[in-house]
Amino acid sequence: MKKQRYENHKKWEQDVEKVINRFPERKPTFTTSSDIEVERLYTPDPVDERYEENIGYPGQFPYTRGIQPTMYRSRLWTMRQYAGFGSAKETNKRFRYLLEQGQTGLSVAFDLPTQIGYDSDDPMAEGEVGKVGVAIDTLEDMEHLFAEIPLDKVSTSMTINAPASVLLCMYIAVGEKQGVPKESLTGTIQNDILKEYIARGTYIYPPKPSMRLITNIFAYCQQHVPKFNTISISGYHIREAGSTAVQEVAFTLANGIAYVDAALKSGLEVDQFAPRLAFFFNAHNNFFEEVAKFRAARRIWANIMKNRYGAKNEKSWKLRFHTQTGGSTLTAQQPDNNIVRVTLQALASVLGGTQSLHTNSRDEALALPTEDSARIALRTQQIIAHESGVADTIDPLGGSYYVEALTDQIEEEALKYIEKIDEMGGAVQAVEDGYMQREIHRSAYETQKDIEKGEEIVVGMNKFQIDEEIESDLLRVDEALEEEQKENTQQVREKRDDKKVKETLRQLEAAAKIEEENLIPYILDAVKAYATIGEICNVLRDKFGEYTGM
């Protein structure tokens, strides 16, 4: 029986042809191992009304089935392994190794002092330099970090929030030194301060000036760095703090609404900045719930942007997201089990339609990943991409009674949270009232109780235990790297033009006093003069103050 073809189906087929002309599919035909041809998309036969309105087609509103008409048949997701430890030179070696192994994008982890705007030789940084990420104090460190890595060919994601403006400016300056214009740079900065107040804690300034810096980045990049994603609104850390899947979607999108509102209030038009908004989600072990979560999040955001904000550009409606497998699901016990967990989580991410993916390494519950562990994590993605067949058709779980019902339920429950946050005055007010924090703490407490009672089984931890010794071949950051980093930073201070540094910092301080002034050009000047991250952040600390929490 020939399928009934609705107008939307015809439009989707036309969109597919346009995409294939630009991005040919990876194979002329896709087949199973039994030589059965795999169709591009499977739909109800005949297509029913609910399908057309609520589920639809890939690349078409409301994007339940994906944001691109051909999804992975034309282009696989970006394999972007998160890495960073010790000095910039050490991390550069790991970056180049991962690129040689087939990684297709970089993702930078910064150490704790960098994340909260302190130099490595600041007393506050004692014992933390290079431990959970790479130490970056000056533009020279950034130059070492990306040595021999062409920024016009590699997309870079940076997990940085409070000092995101400073690290973005350093990245722009390194690009210029490589001869890469700002307009050609691609990548993402996390730049999501609300989730820091909610779940993670690496904030510096109070909410209001923090939101100013974020909208300053939106405005600057819209004009000068148009291919860069100016924010990655993060549910990852909300989930790591103990939220449910529904809360992860709801609180992340509520934060997204707050950023859109702030940008509009600053004078930007929605279609000027919304196409460069990106999201960052977690992937946990409940396989079908995770797939449904991603589908629901896309649909909710599409409706918010189109119906609530009246965005006209279809790119403004599309929720583009990066996924990282769940760090909090990994166990120190029987660490090889983590390979299985990560595989399930990565598969759920792909079946949910992610645009890029990081797979955690087996030993991350014990230490930073070794080179071998990082390679296995990357190979997990590559096997899913090239051997499993799941990328050969679009949204293969679409139409499953269970997955569609879960998608609807997650959407319904998430919207209840969003409506409640709206009634409170929005996400910023909800953060200041501690509402989202309390909800996450309650969920985390209930989960922990279930684990301790044995009602929720964690294999190898509260059931199926074995006698085992802690692994000896873990990655240890050399303590000497901290002293070396301090010395390098001091050498930069000695050889730079101090007069120029002081002048750029004075100009930044003056600009910070003018609410309407965009601070990014002033930060960029200070970075190019080799001012340190601590010096720049201290100028803003003096003007904006520091947030001390609830």
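How many bridges join strand β6 (residues 231–234) to β7? Four bridges do so, and the two strands run parallel; strands count as paired if DSSP finds at least two bridges between them. The model is predicted, so local features need pLDDT of at least 70 and side-chain atom pairs count only at pLDDT 80 or more, while totals for chains, interfaces and linings use all residues. Residues are numbered from 1 along each chain as its sequence is written, and side-chain values use heavy atoms, with hydrogens and water left out. Helices (H or I, at least four residues) and strands (E, at least two) are DSSP runs, numbered from the N terminus.

- Seven of the seven residues of β7 (residues 277–283) are buried, so the strand is largely enclosed by the rest of the structure; buried means under 20% relative accessible area, with a 1.4 Å probe and protein chains only.
- In a regular strand the side chains alternate between the two faces of the sheet.
- One side of β7 carries Leu-277, Phe-279, Phe-281 and Ala-283, and the other carries Ala-278, Phe-280 and Asn-282; all are buried.
- Phe-280 in β7 stands opposite Ser-234.
- Strand β8 (residues 321–325) pairs with β7 in the parallel sense over five bridges, and Thr-323 in β8 is the bridge partner of Phe-281.

**Helix α3**

- Helix α3 (residues 88–100) has 13 residues and reaches 18 Å between its first and last C-alpha, close to the 18 Å expected at 1.5 Å a residue; the expected span is 1.5 Å times one less than the number of residues.
- Its buried residues are Ala-88, Thr-91, Asn-92, Arg-94, Phe-95, Tyr-97 and Leu-98.
- These residues pack against β1 (78–83), β2 (105–109), α5 (139–145) and α15 (371–387), where contact means heavy atoms within 4.5 Å.
- Gly-102, which follows α3, has a positive phi near 110°.

**Helix α16**

- The 24 residues of α16 (residues 401–424) should span 34 Å at 1.5 Å a residue, and the end C-alpha atoms are 35 Å apart, which agrees.
- Among the buried residues of α16 are Val-403, Leu-406, Ile-410, Tyr-417 and Ile-421.
- The cover over the buried residues of α16 includes α2 (49–55), α10 (245–265), α12 (287–308), α17 (427–433) and α18 (435–453).

**Packing of α12 and α14**

- α12 and helix α14 (residues 337–351) pack at an angle of about 30°, with their axes 8 Å apart.
- The two helices are therefore roughly parallel to each other, a term for angles under 35 degrees.
- Phe-287, Glu-290, Val-291 and Phe-294 in α12 meet Leu-344, Leu-347, Ala-348, Ser-349 and Leu-351 in α14.

Definitions and conventions: Buried < 20%, exposed > 50% of the residue type's maximum accessible area, 1.4 Å probe, protein only. Axes fitted to C-alpha atoms, helices over the stretch in contact; angles between N-to-C directions. Parallel < 35°, antiparallel > 145°, perpendicular 65-115°, else oblique.
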